[in-house]
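Hi everyone, thanks for coming. I'd like to walk you through a structure today, so please take a look at the screen.

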Amino acid sequence: MKRDFRKLLAGGLGAAVLLAGCSSASGSDNAGDGGSAETGDTVKIGLNFELTGEVSSYGTAERNGAQLAIDEFNAREDKPFTVEGVEIDSKGDPAESTTAAIKLIDEDQVAAIVGPATSAPSISTYQAATDKQTPVVSPSATQVDAMLNGDTPYEYAWRVCFEDSYQGAAMAIYAYDTLGDKKAAVINETSDYGQGLAKTFKEKFESLGGEVVAQEQYNAKDTDFASILTKIKGKDFDVLYIAGYYGEAGLIIKQARESGIDCNIVGADGFESEKLAELAGKENLNNVWYTTCYTTVNASDELKSFIDDYTAKYDQAPNMFSALAYDATNLVLDQLEATGKTGAELNEAIKKADFSGLTGSFVFDEKTHTPKKTVLVVNQKDGVQTEVDEVEVK
């Protein structure tokens with residue numbers, strides 16, 4: 001299905017040359033070397049996602065969103081080439097992710113890679129992708145400065161999400177200005193993701209005049225948060241910021257509510273999973289807000305169509321991660337079609353892209369390879385999104 005926001009060419013590509021990420025039938029070189037192929041070839045895109053492991057909920061949702069974009073492209077009668085998604089499981093491990101990326105480029109000869117979902121496995125692929133001149137587009141690697149190699153960005157690495165410093169500051173603004181909260185407690189995971197979110201939330205909240213009265217940390221895979229909650233419960237605060245992923249955040253919310261902590265709870269895009277309600281209990285997801293770039297509240301016609309198509313294909317509703325991967329894949333497909341090239345020429349087209357998708361419209365900041373997108377804050381009632389606000393970070 002064509003979508004209005006896709007910037008497809010008018011139709012003169014039927015005889016266009018294509019790229020070196022095609023099938024062996026084309027006789028092309030490795031994708032990173034650049035090249036072309038005749039119309040009708042099969043072009044491969046690597047889908048490097050966490051399909052097993054602690055964050056498989058994210059990776060599976062993104063694999064599904066990416067594959068839906070490919071399926072819709074292939075269903076077009078005017079398509080200049082056929083696309084094959086080459087799927088591989090990074091298992092949420094940086095070393096596995098790097099190995100997977102190298103295999104996709106060297107053995108499968110993909111034209112580009114989409115994924116992984118989480119920051120550390122994504123970042124681990126950027127040097128290899130740059131060395132081999134194969135663009136990698138991260139749907140949701142939000143870690144601060146994730147795209148940078150020192151002071152400059154990895155040449156072939158891009159992301160379609162905002163970074164943690166942006167969403168952390170946005171939630172601080174929302175909590176202080178909109179919710180009216182003046183004193184905060186912070187609980188964060190010890191990962192770069194958790195620490196980055198906590199740092200920027202605290203800095204922005206305090207710059208607005210708020211006070212962070214307590215901060216505690218936990219490790220990934222922790223399940224018992226009684227000691228942390230006991231430490232903060234005696235403090236005077238009106239909002240609790242949880243900087244982490246749904247697996248632990250859901251349990252923290254459940255245990256906080258059961259311990260009598262009934263203040264506002266806010267968080268980041270790591271909350272985005274249907275498993276959050278399973279872990280926290282729907283009855284505990286009231287007055288719980290989190291930052292995102294995707295919501296079904298007040299959905300556009302394009303978004304409704306995406307939701308219908310995704311649900312029909314996978315028998316479950318999409319989430320933010322599905323939509324981000326869908327956008328990341330369509331970004332790649334648009335530039336493949338527009339250029340008929342791979343390697344440096346494809347990467348240059350991505351660099352200059354003016355893209356409009358489900359999760360917003362953007363151009364890339366060439367110094368960071370990161371788009372600046374509107375941050376959405378969603379509220380929940382019994383675990384269901386009910387309201388959405390936009391926050392601008394200045």
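This is a predicted model: local features need pLDDT of at least 70, side-chain atom pairs count only at pLDDT 80 or more; totals for chains, interfaces and linings use all residues.

The protein chain has twelve helices and 18 strands. It has 394 residues, and 58% of them count as buried. The chain exposes about 15200 Å², with carbon and sulfur atoms supplying 44% of that area. As for contacts with a separation of 6 or more, 70% of them come from residues 24 or more positions apart.

Thr130 sits in helix H4, which covers residues 126-131. Leaving out residues up to four places away in sequence, Thr130 touches Tyr154, Glu155 and Tyr156. And is Thr130 buried or exposed? The relative accessibility of Thr130 is 16%, so this residue counts as buried, the cut-off being under 20%.

Now, on to the sheet. Seven strands form an open sheet with mixed pairing, and the order is E9-E8-E10-E11-E12-E17-E18. At the edges you'll find strand E9, residues 211-218, and strand E18, residues 384-391, each of which pairs on one side only. On average, neighbouring strands of this sheet are turned by 20° against each other, direction ignored.

Let's zoom in on one pair. Strand E8, residues 183-189, and strand E10, residues 239-243, pair in the parallel sense over five bridges. If you'd like a landmark there, take Ala184, whose bridge partner in E10 is Val239.

Two helices lie across E8, E9 and E10. One is helix H6, residues 192-207, which runs at about 165° to E8. The other is helix H7, residues 226-233, which runs at about 170° to E9.

My last stop is a helix pair. In general, two packed helices are described by the angle between their axes and the distance between the axes. So what are those values for H11 and H12? The axes of helix H11, residues 320-339, and helix H12, residues 343-351, come within 9 Å and cross at roughly 120°. H11 and H12 are therefore oblique to each other. H11 passes H12 in a right-handed crossing. On the H11 side, the contact is made by Leu331, Gln335, Leu336 and Thr339; H12 brings in Glu345, Leu346, Ala349 and Ile350.

That's my tour, and I'm happy to go back to any part of it.

Note on methods
Residues are numbered from 1 along each chain as its sequence is written. Side-chain values use heavy atoms; hydrogens and water are left out. Two strands pair if DSSP finds at least two bridges between them. Helices (H or I, at least four residues) and strands (E, at least two) are DSSP runs, numbered from the N terminus. Axes are lines fitted to C-alpha atoms, for helices over the stretch in contact, and angles run from 0 to 180 degrees between N-to-C directions. Contact means heavy atoms within 4.5 Å. Buried means under 20% relative accessible area, exposed over 50%, partly exposed in between (1.4 Å probe, protein chains only). Accessible areas come from the Shrake-Rupley method with a 1.4 Å probe; for residues, only the protein chains shown count as cover. Angles under 35 degrees count as roughly parallel, over 145 as roughly antiparallel, 65 to 115 as roughly perpendicular and the rest as oblique. A crossing is left-handed if the near helix is turned anticlockwise from the far one by less than a right angle, and right-handed if clockwise.
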